[in-house]
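Subject: Model for your files

Hello,

Please find the model below, with notes on it after the sequence and coordinates. Could you read the notes alongside the structure?

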Amino acid sequence: MVEAHPFLPNLEDETIERMLKQVKASSVADLFSDIPEGLRLKRKLAIPDGQGEAIVRRELHARLGKNKTPPDQLCFLGGGVYPHYIPAAVDSILSRQEFYTAYTPYQPEISQGMLQALFEYQSMMCDLLGMQVCNSSMYDWSSAAGEAVRMASRVKGRGTVLFAKSIGEGRLEVIKTYAEPMGVKLQPVEFDTKTGGIDLVSLKSKLAAAGGDVAALYLENPNVFGVIEERVDGAIEMVHAAGGLAIVGVNPISLSVLRDPGGYGADVAVGEGQPLGVPMNFGGPHMGIFAVKDIGLARSMPGRLIGMTTTKDGSEKAFCMVLQTREQHIRREAATSNICTNQALLALAAATYMSLLGKNGFKRLGEVNLANSHYAAERIGELHGVRAPLFTGPFFGEFTVGYERRKAPWVFAELAKRGVMGGYPLTQHFTQIGEAGSFCVTEVHSSADIGRLVDALGEVV
Amino acid sequence: MDDAPSQKPRRRFRQAFWDEPLLSEIGRKGRLGFIVPEDPKIKEWAKAKGGQPLVPQALRRSGDTPLPELSELQVLRHFNRLSQMNFSVETGMYPLGSCTMKYNPKVSEAIASSPKMREAHPLQHDSTVQGLLQVFYELSGMLCEITGMKRFALSTAAGAQGEFAGVLMIRKYLRDNGRGDRKEILVADSAHGTNPASAAMAGFEVVKVPSDESGLVKIEAVKAKLTPRTAGMMLTVPNTLGLFEPDVSEISKAVHDAGGMMYYDGANMNALLGKARPGDMGFDVVHLNLHKTFATPHGGGGPGAGPVGASGELEDYLPVPMVEKSGEEYRLDYARPKSIGRLKGFYANSAILLRAYSYIRLLGADGLDNVSSLAVLGANYLLSKLNTQGYSIPVGGGIRRKHEAIVSVRGGHGGAGKIAKALLDYGVHSPTVYFPLTVEEALMIEPTETETIESLDDYAEVLNSLFEKLKAGELEDEPKNTSVGRIDEVKASHPLTLKVKW
């Protein structure tokens, strides 16, 4: 007599007997008799016995309870994952099982809902970025950047990619992993240690040194220091003059108030969709943005694309996946990427989020993020022993604080002890800026929260 | 209801249809769906600045933000209506082969929705996320036990990324051991498209190994392709035809003897839980799709998670970071000099890992064993119910199918495609069609263990009746009960419309 289980409806002796009889098998073991004897596992797996949901839930809630999160521990961390408020309506839509328990819309007639939502995501994201084509998501910002570097090298037939040194560490590490098998040489472009922006002299010399082999420049705007690149137009002109592509990484929230990458000449825009209604979730799932300015590049890009069409009889508008001949399930080893499963549900979150905030709400959000981060930087700047912001360049949402007397990792750890997470240490990767940490301030932070941060920092620095 | 077992197939489905406009077509000036929080003190502070801009005008966006203007209810209605035009596992049977569309436990969703999960930032100090790191440490151990691997890295975001990591590990290992000149990866012709694509991304040349007429990769076929340039082989067991590869141990040995490494595509692991382990078959590196075997939701296309496991030889090459335990403390370890590096900007798809852990705890050792038993029993049962006049079983000879069954629709002429579309009219999803490429008119059916015997019966009945209709020439312009009728996919590419303007 077997014991019933809520997920296993046929786990019942009589049903199993009936099914075995139908398939002409004497036992369940008989169904596995083709597995060579020596390969059969003859013992029970050494993992704990199953439990009902009440017990598993209680236990996991206790485990998770050890995590320190707001409001007990305030979060002023950014770097590519940002604390933002998620409207309840976003969670409501994301919890629709019709969306979250479906898979890739291989049969479009029965999957129009997800297809239209993804098409709308693509449309809104294109306009926000100033791009012509946006795919329906990548794994995260970093893999999107890695794929962009590969695409640039492929379409240009060139082997060098320049990157601004002022990009996030995670992105750089992933770009290295993605680029290495193609033999792409990655060359850093310095930043101005005063403004925090890209150093055009360094760019010029790197372009010259590569001697016509530059496939692309990758930079982030705002960069890892939170600094808005004031010389981005010049940098992109120089790369274009050398025959390379300009790839720009963005935090989409910044585009509420800042110029879009298409507007200043980017050929490819990548970024992190997480701030658009997706929880931080200790690293994922997040959502990579990948868009191109030129429809020609669309044929070389990775990822799924949704197109608008009609029914065969022409009576209704309809949506389906397009340009699938780029993809692995058709093109196999000649595909533009191996990506299959993506982050569709989170593109839906972003579409919902952007729709809710809308034209005016999104702009307001940007203004509030600007104001809150500048307010915090000013308050921190009043402390002794710090320089805030460290750089003179304009900033959005995030800023860098230099410590005159303390080591950055120590400040980070001491703040954590005081119920504040912030000041992610930058020193290790940017030795030229001295002891410094990064702070992210958004609309979730009140002046009282910022006061708590300033007090804690004051005790530490 | 009378109790006659099978009369005619049930046809009780008409998918919702809303003539739902695009967001760009609705809305009105001045509306919004969310109020951004503003702190009065900071507002005052900004005002006191006397309009001094925080960002130079030249760096600002000119003109309006290109987004719609909708009320909160308008947004909800829009997306709720769209959701009603989307078929899903909780709506009906979704036997998409190789995708393992099983039930996704609600309690795992409830657990993952804890603010203690949602609001954890990936850069926060290890000391502040001990509970979560403990879960990941244990999950890694459980996946090792299930697969027979030495160590698991959890950071890769999906199966394909796991594959990419795995072949990169093989590449780096071979280089470190003086075998860096090996450039060829063997891939079976029946493999998932991601296999050759991943190998190519990692800089390998793909060498196709033909399956024999029974759909199996035979040792002789592998040996014929082994050369001093062989870096390794990627193999799916059971394969995409649902067949366990009986030569797998010999293949592993031959590839190893030739100086290559063995990669296990774990997409079909649902067939083997507690029954057999890739580690025991000689595989050196393994990926698992947590959104398949371990019941995390597919999200309409994603997210998933694709952890990678390694044998002792390849352990040091796993992607970073890894969760380490010292004493009672857990931490993320990036300092692994031989590692292939990072594939994800921040730790992992943690909220997916948490759901997979929850699933394993809900089932336990016996439960997982039952999962594969019933998945395999269900696939074979459904297969046995199909009319062999209509559906041939093209490969495998007398070998039992595992978790999925491939049939070929007799008669050619796009019959598989027509049947797939017609199935949608019965409130069930179609199988994967025209895959694997080695089978003509293929339907690849993976019902999973969470379907009742009644739905298996129903699905078989519908398939059998549809073949009759196909034969009679009655399947031409299906589906008719879905939100929209047959879509013009050619027109979708000519002209291409990938966005609309606001």
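Conventions

This is a predicted model, so to speak of local features a pLDDT of at least 70 is needed, side-chain atom pairs count only at pLDDT 80 or more, and totals for chains, interfaces and linings use all residues. Residues are numbered from 1 along each chain as its sequence is written, while chains are lettered from A and ligands numbered from 1 in the order in which they are written. Helices (H or I, at least four residues) and strands (E, at least two) are DSSP runs, numbered from the N terminus.

Contact between the chains

In chain A, 167 residues are in contact with 174 residues of chain B; two residues are in contact if their C-beta atoms, placed from the backbone, lie within 7 Å. The element that gives the most to the chain A side is α13(A), with 23 residues. By class, that side of chain A has 84 nonpolar, 52 polar and 31 charged residues. Here Ala, Val, Leu, Ile, Met, Phe, Trp, Tyr, Cys and Pro count as nonpolar, Asp, Glu, Lys and Arg as charged, and the others, Gly among them, as polar.

One helix pair across the two chains is α3 (residues 53–64) of chain A with α10 (residues 350–384) of chain B, which pack at an angle of about 140 degrees with their axes 9 Å apart. Axes are lines fitted to C-alpha atoms, for helices over the stretch in contact, and angles run from 0 to 180 degrees between N-to-C directions. That angle makes α3(A) oblique to α10(B); angles under 35 degrees count as roughly parallel, over 145 as roughly antiparallel, 65 to 115 as roughly perpendicular and the rest as oblique. The crossing of α3(A) and α10(B) is right-handed, where a crossing is left-handed if the near helix is turned anticlockwise from the far one by less than a right angle, and right-handed if clockwise. A:Glu53, A:Val56 and A:Leu60 make the contact from α3(A), and B:Ser358, B:Arg361 and B:Leu362 from α10(B). Three of these contact residues are nonpolar, one is polar and two are charged.

Helix packing within chain A

Helices α7 (residues 141–156) and α8 (residues 169–179) of chain A have axes that come within 8 Å and cross at roughly 40 degrees. They are therefore oblique to each other, and their crossing is right-handed. The contact includes A:Trp141 and A:Val149 of α7(A), and A:Val174 and A:Tyr178 of α8(A). Its residues divide into seven nonpolar, five polar and three charged.

Sheets

Chain A has an open sheet of four strands in the order β11-β12-β15-β14, with antiparallel pairing; two strands pair if DSSP finds at least two bridges between them. β11 (386–387) and β14 (424–425) of chain A stand at the edges with a single partner strand each, so one side of each has no neighbour in the sheet. β11(A) is joined to β12 (residues 398–403) of chain A by two bridges, and A:Val386 has A:Tyr403 in β12(A) as its bridge partner. Helix α13 (residues 344–381) of chain A packs on this sheet, touching β11, β12 and β15 (436–440) of chain A, and its direction makes about 10 degrees with that of β12(A).

In chain B, β4 (residues 230–236) is largely enclosed by the rest of the structure, because seven of its seven residues are buried. A residue is buried if 20 or more other C-beta atoms lie within 10 Å of its own, exposed if 12 or fewer, and partly exposed in between, with C-beta atoms placed from the backbone. β4(B) pairs in the parallel sense with β2 (residues 184–188) of chain B over four bridges, and B:Ile185 stands opposite B:Gly232. β4(B) also pairs in the parallel sense with β5 (residues 261–266) of chain B, over five bridges; there, B:Asp265 in β5(B) is the bridge partner of B:Thr236.

Backbone details

The peptide bond from A:Pro70 to A:Pro71 is cis, with omega near 5 degrees. A:Pro71 lies in the loop between α3 and β1 (74–76) of chain A. Another cis peptide bond joins B:His494 and B:Pro495, with omega about 0 degrees.

B:Ala295 is not a glycine but has a positive phi of about 60 degrees, and counts as buried with 25 C-beta neighbours inside 10 Å. B:His413, also not a glycine, has a positive phi of about 55 degrees, and counts as exposed with 10 C-beta neighbours inside 10 Å.

Regards
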